[in-house]
Amino acid sequence: MSPLGILRRHRVAALLGAALIISPVVVSFAQNTNGIAKIVATTQTPLPGISAPNGSFAPVVAATKPAVVTVTTVMKAQPEAMNEASPFQDNSPFDDYFRQFFGDQGMPMPRTPPQQQAPRTEALGSGFIVDADGTIVTNNHVVDGASSIKVTLDDGTELPAKVVGSDAKNDLAVLKIKASKPLPTVKWGDSDKLMTGDQVLAIGNPFGIGTTVSAGIVSARGRDLHSGPFDDFIQIDAPINHGNSGGPLVDVSGNVIGINTAIYSPNGGSVGVGFAIPSDQAQKVVAKLEKGGSIQYGYLGVDIQPVTPDVASAMGLDHPGGALVSQVNDGSPAALAGVETGDVITGFAGQDVKDPKDLSRAVADVAPGTRESLDVWRKGKAMKISVDVGRNSDDAKTASTGGSGAPGAEQGSGAPALGLGLMDITPDIRQQMNLADNERGAVVARVNPDKAAAAAGIQPGDIIVAVNQVPVKSAKQVTQAVAQAGKSGRKSVLLLVERGGSQIYVAVPFANG
């Protein structure tokens with residue numbers, strides 16, 4: 001089980017007509033021999049009067065901390081979800097996420113014995129004010145499922161709050177409070193300019209002890225935690241803990257360049273590996289939530305996977321890149337547009353697609369009903385396809401990131417040694433494996449653990465339905481197609497494998513045969 005403890009929403013499936021989620025964080029200030037001040041001047045305009053003289057961040061904190069709030073939510077307890085065997089007895093949104101995604105590896109939290117639990121529980125998070133009228137940004141998982149929400153301002157004032165809009169896929173929510181006077185605010189920064197090594201401050205209310213500031217640097221960019229198609233986290237080493245969720249990550253000019261959302265925790269505490277949603281991503285989502293309360297995402301309806309060097313070689317591409325379509329959902333926009341299994345999508349709406357994440361994010365950002373173009377590589381030729389982007393629903397997959405032939409016969413001597421024992425789909429095998437009447441291909445009966453197929457992930461029980469994008473109906477056809485691929489001079493062969501009702505392309509290199 002991964003020790004990655006996430007202080008945020010429950011996990012969402014990858015949707016390319018949406019996202020694998022809306023998922024869920026710039027001005028660069030890397031210290032060098034020329035000094036921080038010079039970098040600040042060349043990367044972003046600081047807020048008036050803010051600087052960090054003699055290494056102190058006090059002016060930055062003084063300007064930003066008043067706009068940081070504590071978000072306390074109350075929700076009804078769910079006794080049916082509680083049992084003595086579970087280490088998660090608080091039943092808070094944070095615990096729900098830990099239980100669903102990380103099992104017992106989550107952050108330790110104060111617990112009440114089951115027999116003493118009250119009918120209501122509280123959860124804690126942070127947020128920040130972006131408009132003087134009381135508009136607040138936080139994580140969706142902080143307020144998800146709450147029956148009431150209370151916001152505590154930096155001066156101690158407590159005010160009720162309501163949710164203006166929320167988006168679980170990006171793990172963002174917008175709240176509104178009514179105050180008797182204009183409230184202090186923070187400004188959005190440009191996370192796109194962030195560089196590894198830039199200094200940052202994380203502000204929030206860890207464990208409910210009060211607003212706290214921690215400092216660190218940007219440790220990495222573009223981290224994918226595999227929680228959704230929008231994962232593009234900023235990794236930081238500034239300590240964040242339970243309660244920091246939804247709080248701002250600011251640069252040394254006092255601009256918000258991220259929203260603190262997750263931590264990696266092998267021992268239950270902060271170990272200096274935190275994650276924040278980039279401000280450029282968050283600001284766009286927040287603007288939509290302020291207007292409509294929810295967001296609709298585009299939908300293609302394809303399962304996709306990366307184009308590895310082996311896959312590229314097998315398909316005749318001169319370099320790896322794009323998104324390989326392993327399955328097209330029936331009746332989906334992609335199916336209606338003519339997208340086929342085996343297509344490599346290299347562009348969408350005029351933008352290059354470098355990997356599946358690029359495609360997922362691009363499609364999700366398109367309004368349903370929009371007609372866009374797809375750049376496709378199909379069987380050695382480049383082509384364009386027009387597609388009417390659909391609307392993604394919670395259960396829809398945008399683009400998931402997804403004699404001869406005698407039983408037991410090994411591949412013939414004329415074929416490269418991939419290490420497979422193949423069988424035809426006989427009536428008995430069809431019945432034993434509960435296969436559909438129209439199922440065609442060759443069943444993998446045995447896999448030599450020392451050969452290339454095993455290293456590539458082929459398993460007994462897999463059904464090979466195509467070789468180099470050509471459908472096959474028998475073990476003999478698989479053997480012949482592999483042999484032909486070996487003679488063509490390619491370094492690998494591309495197998496379309498069906499496993500558990502889903503299809504995936506597997507490139508098996510000849511060099512390891």
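This is a predicted model: local features need pLDDT of at least 70, side-chain atom pairs count only at pLDDT 80 or more; totals for chains, interfaces and linings use all residues.
User: What does the secondary structure of the protein chain come to?

Analyst: Helices (H or I, at least four residues) and strands (E, at least two) are DSSP runs, numbered from the N terminus. Here the protein chain has 11 helices and 29 strands.

User: How much of the protein chain counts as buried?

Analyst: Buried means under 20% relative accessible area, exposed over 50%, and partly exposed in between (1.4 Å probe, protein chains only). Of the 513 residues, 54% count as buried.

User: How do I read a nonpolar core, and which residues of the largest one touch the most other members?

Analyst: In soluble globular proteins, nonpolar side chains tend to be buried together. A nonpolar core is a set of buried Ala, Val, Leu, Ile, Met, Phe, Trp, Tyr and Cys residues joined through side-chain atoms within 4.5 Å. The largest one has 43 residues, and Val71, Val151, Leu153, Leu175, Ile177, Trp188 and Ile259 touch the most other members. Another core, of 23 residues, lies apart from it; Leu418, Val444, Ala452 and Ala475 are among them.

User: What is Val71 in contact with, beyond its neighbours within four places in sequence?

Analyst: Contact means heavy atoms within 4.5 Å. With those neighbours left aside, the partners of Val71 include Ala123, Leu124, Thr138, Val142, Ile149, Val151 and Leu175.

User: Is Ala67 buried or exposed?

Analyst: Ala67 is buried, because its relative accessible area is 0%. Ala67 sits in the loop between helix 2 (58–64) and strand 1 (68–76). Not counting residues up to four places away in sequence, Ala67 touches Gly127, Phe128, Ile129, Pro184, Thr185 and Val186. Ala67 and Leu153 are 86 residues apart in sequence, yet their C-alpha atoms are 7.6 Å apart in space.

User: How many bridges pair strand 4 with strand 5?

Analyst: Two strands pair if DSSP finds at least two bridges between them. Strand 4 (residues 148–152) and strand 5 (residues 158–167) are antiparallel, with four bridges, and Thr152 has Glu158 as its bridge partner. They form a hairpin with five residues between them, and Gly156 in the turn has a positive phi of about 95 degrees.

User: And what joins strand 5 to strand 6?

Analyst: Five bridges do, again in the antiparallel sense, with strand 6 covering residues 172–176. Ser166 has Ala173 as its bridge partner. This hairpin has four residues between its strands, and Asp171 in the turn has a positive phi of about 55 degrees.

User: Where do the buried residues of helix 8 fall, seen down its axis?

Analyst: Helix 8 (residues 356–364) has Pro356, Lys357, Leu359, Ser360, Val363 and Ala364 as its buried residues. They fall within an arc of 165 degrees, so they line one face of the helix; the arc is that of the directions from the helix axis to the C-beta atoms.

User: Which loop holds Phe207?

Analyst: Phe207 lies between strand 8 (199–204) and strand 9 (212–223). Its phi is near 60 degrees, a positive value in a residue other than glycine, and at 48% relative accessibility Phe207 counts as partly exposed.

Notes:
Residues are numbered from 1 along each chain as its sequence is written. Side-chain values use heavy atoms; hydrogens and water are left out.
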